[in-house]
Amino acid sequence: MARGVACALAGGVCWGFSGTCAQLLMSDYGAPATWITCVRMVIAAVFFLFLTAVRDWRDLVAVLRDWRSLARIAAFAVFGVLLTQLSYLNAIGYTSAGVGTTIEQVGLVIIMLYVCLRTRRLPRAREAAGLVFALGGMAVIATQGDPSSLAIPVEGLAWGLVSAVALSFYTLMPVRVLAKWGSMLVTGLAMLFGGSAASLVVQPWTMDVQLSGGGLAALVAIVLVGTLGAYMLYLQGVADAGPVKASLLCCAEPVSATVLALVWLHAPVSVWDAVGCVLIVVMIFLVTERERRPAAAPAEAASDVGLDSENGAIPDDPPLFAGRASVLGYYASRPAAREDFGRVSALLDVGHETFASLGIDEGRNKKYPSARRLMHSIKNGTTHVVEDERGRLIAVFAVSFAPDKNYARGIDGAWLTDTRADPQPYAELHWVAVDRPARRRGVGMFILDKADRIAREGGRASIRADVYPENAPMRRLLEKHGYERCGEIVVKDVLGREKRRAAYERLLHG
């Protein structure tokens, strides 16, 4: 925990240091904000993508074949990364690193208001207080205590507010692709797309920017310390201290930017600037902190199978903000361990009850899988569990690479791949179960994305699934994800009784 706190604080300081270096380049070397944005994004993209390729080059190749993900990343690159960088640097250029960074944090209030609109509720007391503190902080900085006049350039305030809106886009837009491909790959591609697009428009190579040793050092520091270093430190902070605590600790960013601008660049910082900074920091605590609730006991934790986006009570607010978008990762999956057996069994049992509520008669299959088969699946790594940002087990699924005898019996229709091919071209998705309070939060899509990735890494060209025809919610989820309805198969139980299932398959390449 101590290391996580230290890393998260250091990450916030590095982000603040980046803003101070940008102010130095603009004020002392005349580097335009557009030039800094293009150069920083392209160079940082090269580093991020290089690290991604070293870790697993197959992910980099695979994402280039996924046009839907590329389209989302491109939109995130323009409206999230590029707009955030450009507006933030322009705000600093017209004001200072401390003021620009502080106003940008108002974006957290925009995110909070979005959550309220999405869940159709009014802000809670602490959120309303955060809104008041945010408005008060902006007013104090903009007027310097004199409401009758604006003490900072109107352009600086305008760019600061644009950067706040951009921060909300930066945080909210990439959630799904981050869950699918990971933060480093998405961040690298977004910086590459955004930096390349901006360079084509701005043409930074035509700008007469002359940097001496100090200017080059500041530029290198922006990329290595303010981008890569901050990213790595914050990521370690999330791993050790948790995303919520780490995001709160990163309120050091506006404070560090203000202090560094004062001490290093001798930028004027008034008492009103300090008061406004304090008000914004208080807002960060009020808006981003979440009260921890005890996890439900297995007997109380209702679950569902394949019903992530359908019926059921609306859960707690989606965890839409837990730090910068480049390190968001609300859900994580891992192979199930022996100690997960009880929780996994509880999820599957309640799933059978849900089938009954849908009018599905499972017969003896309501005890499927047996305890023995489930434990065997856990031992061989077939069963996987999903955890939320607090480490709570909220879902289970299985991806099998062994031949399925039910598929070998034939299909009333046609599979997309050859069942009899050697080696087997497909993997199989089974036992999808999502905890009831975790619905409407993208867990089902996360599972399908993760299953795709597991199958792809296992060298399979497709992934199959079979569901009861009456299970309309699961069928809609599969079809939304890109599975094709191939026909129907017959599944036999141990007594030879037959049940018909809707057969689906999704091609992973091509």
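**Strands and helices in a predicted model**

E387 stands opposite L393 in strand β4. The structure is a predicted model.

- Strand β4 covers residues 393-400.
- β4 is mostly covered: eight of its eight residues are buried.
- Strand β3, residues 383-387, pairs with β4 in the antiparallel sense. Five bridges link β3 and β4.
- β4 also pairs with strand β6, residues 426-435. That pairing is antiparallel too, over five bridges.
- V396 has A433 in β6 as its bridge partner.
- In a regular strand, side chains alternate between the two faces of the sheet.

**Helix α18**

- Helix α18 runs over residues 472-481.
- Which residues of α18 are buried? They are P473, M474, L477, L478 and H481.
- These residues lie on the same side of α18, because they cover an arc of only 135° around the axis.
- An α-helix has 3.6 residues a turn, so residues three or four places apart point the same way.

**Helices α2 and α9**

- Two packed helices are described by the angle between their axes and the distance between the axes.
- Helix α2 (residues 33-63) packs against helix α9 (residues 183-202) at an angle of about 140°. The axes of α2 and α9 are 6 Å apart.
- The contact of α2 with α9 has 18 nonpolar, eight polar and two charged residues.
- The crossing of α2 past α9 is left-handed.

Note on methods: Residues numbered from 1 in each chain as written. Predicted model: local features only at pLDDT ≥ 70, side-chain atom pairs only at ≥ 80, totals over all residues. Heavy atoms only, no water. Buried < 20%, exposed > 50% of the residue type's maximum accessible area, 1.4 Å probe, protein only. Helix = DSSP H or I, 4+ residues; strand = E, 2+ residues; numbered from the N terminus. Pairing = 2+ DSSP bridges. Arc of directions from axis to C-beta. Axes fitted to C-alpha atoms, helices over the stretch in contact; angles between N-to-C directions. Left-handed = near helix turned anticlockwise from the far one by under 90°. Nonpolar A, V, L, I, M, F, W, Y, C, P; charged D, E, K, R; others polar.
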